[in-house]
Amino acid sequence: MSETGRRAFRIGAVEIAPDRNLLTGSGGEEALEPRVMDVLCALAEADGAVCAREALIDAVWGVQYGADESLTRAISLIRKSMRAAGEVRPVVETIPKRGYRLALPVEAASDAPGLESPQPVALQPDSPAQRTVAAGRRVFDRRTLAAGLAALMAVAVLSLAFSLRGDGDPSRTQLDAAAPKSVAVLPFTALSEDESDAYFGKGLAEELLNALGRFPDLHVAARTSAFSFDGSADDAAQAAERLGVAYTVTGSVRRLDERVRATARLQRMEDGAVLWTETYETDEQGLFTIEDDIVREVAAALQARLGVGASAGRASGDGIDPIAYEQYLEGLALWGDRMRKDDTRARALAAFERAVAFDPDFADAWAAIGVVGAYSAGSPLARDRKAFRARAEASFLRALEIDGTNARAHAGLAICYVSQRIDVGAARAHLASALDLAPNAAQTHVASAWFHRTLGDADAAMAALDRAIALDPLNMVLRRVRAEFQVSTGDADEAFVFLDACRRAHCLGEGFIAYAAAAAVFSGDPDRMRDWAPAIAAFEKRLVSIPDARKPHVARINPAFFSIRLDRPDKNEQIKRIRRIFEGEQITDTIGMWGPTLADILPDEQILDLLHLAYERGDLFSTTFAETPLYGVNPYPDWVLEHPRYHALWERPGMGELAAALRGNGVDAGLPR
């Protein structure tokens, strides 16, 4: 095999370092299991030629039968990891009844500026399988090198054992006490003799370890150390003691006929309490859905328990009613999952409400109720929008009454005041307090992004969103909001790198298609709108089946909005339907998203009435897309901007200061003319 197989190389937007089993791209670093990396190297060496399944199996696993599932899993992991690392185009193509080939060209890493190619690893002579892959192409034989790697691993494990045992040098003894925000992820135990179960168990643990390793405030035991333990209950306790971690994540996988069952648990090692456990069962095709679910839910549970990521800066539990605290932690975990499962947002709110019922002086729980209100303006929870928002603000104020240094409440009020009350001065003061009290909390920087976005400072808003994502890297909602903001400022191409990938991977559920479809429409790109048309149609079909009581008011407008913007055959019928709706109901939800489109459909005075009512309800700038007219992406027609009543709108309390800030930042697209 040539040097391409083990020298660093590049496929599309991702650099591959085989010697480190690592992919690196704009999405960050993604680790591959050694044999999965071997498959990728074999495909890279073929450089676009077809690699037969049998040849790949023989070369990488060294068996004639029984590794089909392992190869299928390896191909799936390659595709998934390449997407996560930043390459959103298809990487591996399946050739029916033949095998696989790379769909993108292979380049030397040295061709990319700033990337250093490691020295090639010495390889063994060709095996028969290497000569059968495809016309002159060779596949790397893993078996001989595996022996050398195993020997190196044994030395590493022995060195670890002696260093942790504490013999000799007292400075190398085990940690006296576990760091409070620390965890070890142990290999998931295979409960069957199937070799692929063992690999799946280790791969699952590796995915989780990599995900948790992205949180800056969480200490995660390194893979080499954690994987030197077998994952049993006894070994988990020993691992926690030797690695100095407060929590362990363990689990098991078992194959039952054509079904696969996986169990995961999060355990606090101080007292052995199991804080979270779940069992998943699926067919073999659903293995990676299981993997994604476990990684997401364990990460969410750890965030809530340890106060990292989305839960950074939360209450410690000292002096709080224990039952109230458990309800609060449950609410945090549910809130983190709010766009993946139906009704999770409502369940989170109910948990926070139970927390303050048990402990009325629990400031963080009050702040959490406010957060649900501040971020749920477009949800079914906000049927009575004015009352819903008033309750959110009151909850933040109650939190500050109990604890004036509550950073979450200050951050939440900054959002409420800048986007709902249109009180720039008060919003700025609360944001300054939040930044001073919790500069490393993701929610603080989300509030900062909202503040700067509303004032027209796109660069400051984007920088704040990037900081929030760095602090909470698994939060797909933040990435969605970032993409929406890019669309609202005219940078749709970059936004759809994420939105398209999220749609393919189903990274978000509740409402995602509605947001992303609106973004596709706003982009004005005919190809993109056609690409998203099936997703829009599926969303609208599902919308019909949901009772009105469970839908936000704006859901009644969405079909007309899409029909008009996409110029669909039912456009005229939808226009008539919209006129009938507004004869009996004044809907102001996210008016900046759909208002400009309907400004030429409804009577002039009705549109202006709605804009003034939206101001009173706090709806003018309630979401990212509500602000698109200010950035000129979804502008109001000239007749609106020139109308005396639109000028009068900008003379209402707070609006003059906001207009001055917008003009100061070079934004005037949606201001009166």
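## Ground rules

A residue is called buried when its relative accessible area is under 20%, exposed when it is over 50%, and partly exposed in between, using a 1.4 Å probe and protein chains only. This is a predicted model, in which local features need pLDDT of at least 70 and side-chain atom pairs count only at pLDDT 80 or more, while totals for chains, interfaces and linings use all residues. Residues are numbered from 1 along each chain as its sequence is written, and side-chain values use heavy atoms, with hydrogens and water left out.

## Salt bridges

Side chains of opposite charge can pair when their charged atoms come close. Here, a salt bridge is a side-chain nitrogen of Lys or Arg within 4 Å of a carboxyl oxygen of Asp or Glu. The count by this rule is 23 salt bridges.

One of them joins arginine 453 to glutamate 627, with 2.8 Å between the closest N and O atoms. Arginine 453 belongs to helix 15 (residues 442-454), and glutamate 627 sits in the loop between helix 24 (604-617) and helix 25 (628-631), so this pair ties together parts that are 174 residues apart in sequence. Helices are DSSP runs of H or I with at least four residues, and strands are runs of E with at least two, numbered from the N terminus. Arginine 453 counts as buried at 5% relative accessibility, and glutamate 627 counts as buried at 0%.

Arginine 480 is buried at 8% relative accessible area, and glutamate 484 is buried at 3%.

Aspartate 638 and arginine 673 make another salt bridge, with their closest N and O atoms 2.6 Å apart. This pair links distant parts of the chain, 35 residues apart: aspartate 638 is in helix 26 (residues 638-642) and arginine 673 is in the segment after helix 28 (655-664). Are these two buried or exposed? Aspartate 638 is partly exposed at 42%, whereas arginine 673 is exposed at 52%. Elsewhere, salt bridges with shared partners join Asp361, Arg398 and Glu401 into one network.

## Two packed helices

Two packed helices are described by the angle between their axes and the distance between the axes. Helix 23 (residues 591-598) and helix 24 pack at about 170°, with axes 11 Å apart. Axes are lines fitted to C-alpha atoms, for helices over the stretch in contact, and angles run from 0 to 180 degrees between N-to-C directions.

Where they meet, Ile591, Trp594, Gly595 and Leu598 of helix 23 face Ile607, Leu610, Leu611 and Ala614 of helix 24, with contact meaning heavy atoms within 4.5 Å.

## Aromatic pairs

Rings of Phe, Tyr and Trp (its six-membered ring) pair if their centres lie within 6.5 Å; planes under 30 degrees apart are stacked, over 60 edge-to-face, and the rest tilted. This rule gives 15 aromatic pairs. Phenylalanine 582 and tryptophan 594 form a tilted one, 5.7 Å centre to centre with 45° between the planes. Phenylalanine 582 is buried at 3%, and tryptophan 594 is buried at 1%.
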